[in-house]
Amino acid sequence: MASIRGGVFTRADARACGYPDPDIDSLLDSGGWRRIRPGTYAERRSLILVTDEVLHLRKVHRVLRSGGPNVYASHQSAAALHALPLWGLDLSRVHVTASAGRSGCVGGVHRHIRDPVGPGMQLWNKLRMVSPARAIVEVAATAPTTPAVVLTEAALYSGLVTRRSLKRAVQDHGDERALAVVSHACTESASVAESRLRFILAEAGFPAPALCPTPDAPDPADPETSSLWFPEERTVLDFEPRFPFWCDEFEPDEDEPPAPAPISDPTAPQPVERCWISWADLNDPPAVIDRVRATFTRASRRTGVRQFHLARARM
């Protein structure tokens with residue numbers, strides 16, 4: 001609750017989360033929590049690092065408190081309230097949607113007018129916002145493609161949206177750009193870095209990586225490295241899994257055994273080439289494409305296997 005409020009919360013919020021008054025007073029006296037203003041607090045550690053996302057969320061809450069009952073957070077501001085990653089999105093303005101008033105940007109608040117405001121409106125803990133699916137479609141229609149794809153894949157991974165709910169939201173919005181983003185998004189990405197890398201590879205026309213893990217995949221407990229496996233090209237792409245997506249963890253039911261981990265084919269040929277892609281490398285997509293293509297070429301030379309392309313003209 002504190003994270004989506006920009007790091008702050010009220011005494012009523014703490015009580016709703018199970019903190020009795022004596023514990024609240026003890027945390028305040030010990031310095032674990034700090035008073036921001038009467039009745040509003042923040043964890044001490046949240047005051048040490050204030051990011052653009054935190055500042056944006058605080059502005060969103062101020063705007064919603066003073067905007068009246070018919071003003072809803074929308075676009076990336078609603079995505080922030082749904083705890084979705086905001087990588088690559090413009091956070092200089094708070095986006096709201098209302099049924100009346102003057103559209104445009106005034107004082108750092110971009111007001112979108114839509115009468116009626118349309119479906120997908122939610123009220124949670126006195127916060128008025130559009131649904132995750134509608135927020136994604138609005139971002140996809142107005143933001144650069146790569147951040148929009150990252151946002152969409154994060155929502156799919158976390159289970160906040162489904163393909164069906166996104167399709168319905170696109171139909172309500174009626175935007176071709178949003179349709180292209182939603183159609184492109186996949187459910188396999190587990191971090192911002194992986195989403196960016198998959199998007200770069202898809203845009204360059206590379207084949208999709210295999211769903212099974214690599215024959216010599218890194219330790220799953222190692223948070224520093226993730227991999228994409230291309231069995232036909234005999235290549236593994238290692239990358240930094242920066243900014244992993246949020247996913248609601250749960251304990252499996254005692255009567256239902258946990259799902260087995262995916263097992264790679266023991267008879268599959270071992271990879272012969274590896275390529276390392278850092279987080280900084282993703283800022284230069286042409287260089288990433290050249291490096292991956294060169295790795296595929298090295299693997300082809302070592303194995304003597306040549307891929308037959310159906311689109312190649314016959315001689």
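In the predicted model, the charged end of Arg196 sits over the ring of Trp279, 4.7 Å from its centre; a charge sits over a ring if NZ of Lys or CZ of Arg is within 6 Å of the ring centre and within 35 degrees of the ring normal. This is a predicted model, in which local features need pLDDT of at least 70 and side-chain atom pairs count only at pLDDT 80 or more, while totals for chains, interfaces and linings use all residues. Residues are numbered from 1 along each chain as its sequence is written, and side-chain values use heavy atoms, with hydrogens and water left out.

Eight aromatic pairs are present in the structure (rings of Phe, Tyr and Trp, the last by its six-membered ring, with centres within 6.5 Å; planes under 30 degrees apart count as stacked, over 60 as edge-to-face and the rest as tilted). Phe9 and Trp33 form an edge-to-face pair, because their ring centres are 4.8 Å apart and their planes lie at 75 degrees. The pair links distant parts of the chain, with Phe9 in strand β1 (residues 8-10) and Trp33 in strand β2 (residues 33-37), 24 residues apart. Helices (H or I, at least four residues) and strands (E, at least two) are DSSP runs, numbered from the N terminus.

Phe230 belongs to strand β10 (residues 226-230) and Phe296 to helix α11 (residues 285-303), so the pair ties together parts 66 residues apart in sequence. Phe230 is buried, at 1% relative accessible area, and Phe296 counts as buried at 12%.

Phe9, Tyr19, Trp33 and Tyr41 are linked by ring pairs into a cluster.

Definitions and conventions:
Buried means under 20% relative accessible area, exposed over 50%, partly exposed in between (1.4 Å probe, protein chains only).
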